[in-house]
Amino acid sequence: MLERPTYSTAIDIFRRQGAVIVPVEIHPYGYDLDQVEKLMQAYKPRLFYLNPTFQSPTGYIVPAEQRISLVELAERYQCLLLEDDPYRDIYFGEEPPRSLFAYDTAGWVIYLRSFTKYIAPGLGIAIVACRPSIMNYLIKAKLLSDSGTPLVNQKIFLHYFFNERLQQHMEKLRIALAVRKDIVEQELSATDWQWNSPAGGFNLWVKLPETVEIERLLSTCIKQSITFVPGAICDPLKEYKSWIRLSYSYLNEQLLRDGIKRLVELADSV
Ligand SMILES: Cc1ncc(COP(=O)(O)O)c(C=O)c1O
């Protein structure tokens with residue numbers, strides 16, 4: 001089972017492994033748990049991949065009560081939950097609810113937290129926590145896929161991880177990203193585009209008017225060094241044709257403001 005929309009690379013990875021994909025809608029309030037239960041009953045999935053905290057691409061947060069129920073459903077229907085949690089520490093106000101893993105007593109959750117979002121793309125360092133019988137498989141699969149993450153990188157990151165400079169960096173990162181998110185929202189406020197303001201993460205999930213052809217907009221934008229993720233590639237069903245994922249994590253404030261202004265102009269013209 002996969003959320004829809006979801007992190008597009010996850011769709012590709014599961015497809016490449018030959019998985020039969022069962023999509024589950026994620027909403028600003030989380031999931032429809034009756035739908036989740038019906039799908040678990042009907043399809044008996046082995047695994048539900050989810051990103052419940054500042055989800056990519058939507059920024060939605062699954063509330064704490066639903067997290068508890070999901071862990072109960074996983075145990076009842078013997079479906080592993082793969083909790084991908086790279087954005088947890090990028091919150092703009094309150095800290096997000098505890099992980100699903102924190103509620104798991106019977107070992108149905110595999111917890112994955114990448115540290116890429118703390119430092120830079122390509123860091124390639126994450127933690128995984130799960131029951132020992134699954135960990136044995138994961139260690140073998142990881143070794144076979146890349147013969148192990150370089151030790152030097154791990155040692156450097158470990159040193160930083162236990163240093164208070166990392167906490168200072170995270171505090172700055174939360175402020176900087178909140179400022180950038182506000183800039184994007186200010187620039188979009190003059191349009192009739194729709195979005196839910198995320199309380200954390202890197203992305204804004206935005207619905208454009210149906211008259212705008214997203215693929216055409218993207219090719220026009222790329223010629224002007226502007227890019228975004230078209231919603232359809234975040235959907236196992238390839239719908240969400242009027243949606244885009246805008247990331248505010250990379251550019252500085254001025255470039256971001258100029259880029260969004262230009263994006264809005266181009267959307268009006270295509
Ligand atoms: C939900 C989600 N999981 C995983 C990743 C990738 O993490 P890494 O760069 O550590 O492979 C991303 C990156 O965009 C993501 O959004």
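Tutor: Start with strand E4, residues 80-84. 4 of the 5 residues of E4 are buried, so E4 is largely enclosed by the rest of the structure. Buried means that 20 or more other C-beta atoms lie within 10 Å of the residue's own; exposed means 12 or fewer, and partly exposed is in between, with C-beta atoms placed from the backbone. Helices (H or I, at least four residues) and strands (E, at least two) are DSSP runs, numbered from the N terminus. This is a predicted model: local features need pLDDT of at least 70, side-chain atom pairs count only at pLDDT 80 or more, and totals for chains, interfaces and linings use all residues. Residue numbers start from 1 along each chain as its sequence is written.

What does E4 pair with? E3 and E4 are joined by 4 bridges and run parallel. Two strands count as paired if DSSP finds at least two bridges between them. Strand E3 covers residues 47-50. Within this pairing, Phe48 stands opposite Leu81 in E4.

The buried residues of H3 are covered by E4 among others, including helix H2 (33-43), helix H4 (100-103) and strand E5 (109-114). Contact here means C-beta atoms, placed from the backbone, within 7 Å. H3 itself has 14 residues, 64-77. At 1.5 Å a residue, H3 should span 20 Å, and its end C-alpha atoms are 20 Å apart, which agrees. The expected span is 1.5 Å times one less than the number of residues.

Which residues of H3 are buried? They are Gln66, Arg67, Leu70, Val71, Leu73 and Ala74. These residues cover an arc of only 160 degrees around the axis, which puts them on the same side of H3. The arc is taken from the directions that run from the helix axis to the C-beta atoms. An α-helix has 3.6 residues a turn, so residues three or four places apart point the same way. Turn to the face away from the buried side, and you find the exposed residues Glu65 and Arg76. Just past the end of H3, Gln78 takes a positive phi of about 50 degrees.

Glu65 also gives a distance to H2. Asp34 lies in helix H2, and its C-alpha atom is 14 Å from that of Glu65, 31 residues apart along the chain. With 8 C-beta neighbours inside 10 Å, Asp34 counts as exposed.

The loop between E3 and H3 holds Pro57. The peptide bond from Ser56 to Pro57 is cis, with omega near 10 degrees. Pro5 sits in the loop between strand E1 (2-4) and helix H1 (8-16). Most residues other than glycine have a negative phi, and most peptide bonds are trans.

Ser56 turns up again around the ligand, in a shell that also includes Tyr7, Asn51, Asp84 and Ser114. A residue counts as near when its C-beta atom, placed from the backbone, lies within 6 Å. The shell divides into 4 nonpolar, 4 polar and 1 charged residue.

Now compare another strand, E9, residues 243-247. 4 of the 5 residues of E9 are buried, so E9 too is largely enclosed by the rest of the structure. E9 belongs to an open antiparallel sheet of 3 strands, in the order E7-E9-E8. Strand E7 (203-207) and strand E8 (229-230) are the edges, each pairing on one side only. 5 bridges join E7 to E9, and 2 join E8 to E9. Val206 has Ile244 as its bridge partner in E9. Pro230 also stands opposite Ile244, while Val229 has Arg245 as its partner.

In the loop between E8 and E9 lies Lys238. Its phi is positive, near 60 degrees, in a residue other than glycine. Lys238 counts as exposed, with 11 C-beta neighbours inside 10 Å. Ser147 also has a positive phi, about 50 degrees, although it is not a glycine. Ser147 lies in the loop between helix H5 (132-146) and helix H6 (151-161). Ser147 is exposed, with 8 other C-beta atoms within 10 Å.

Notes
Contact = placed C-beta atoms within 7 Å. Nonpolar A, V, L, I, M, F, W, Y, C, P; charged D, E, K, R; others polar.
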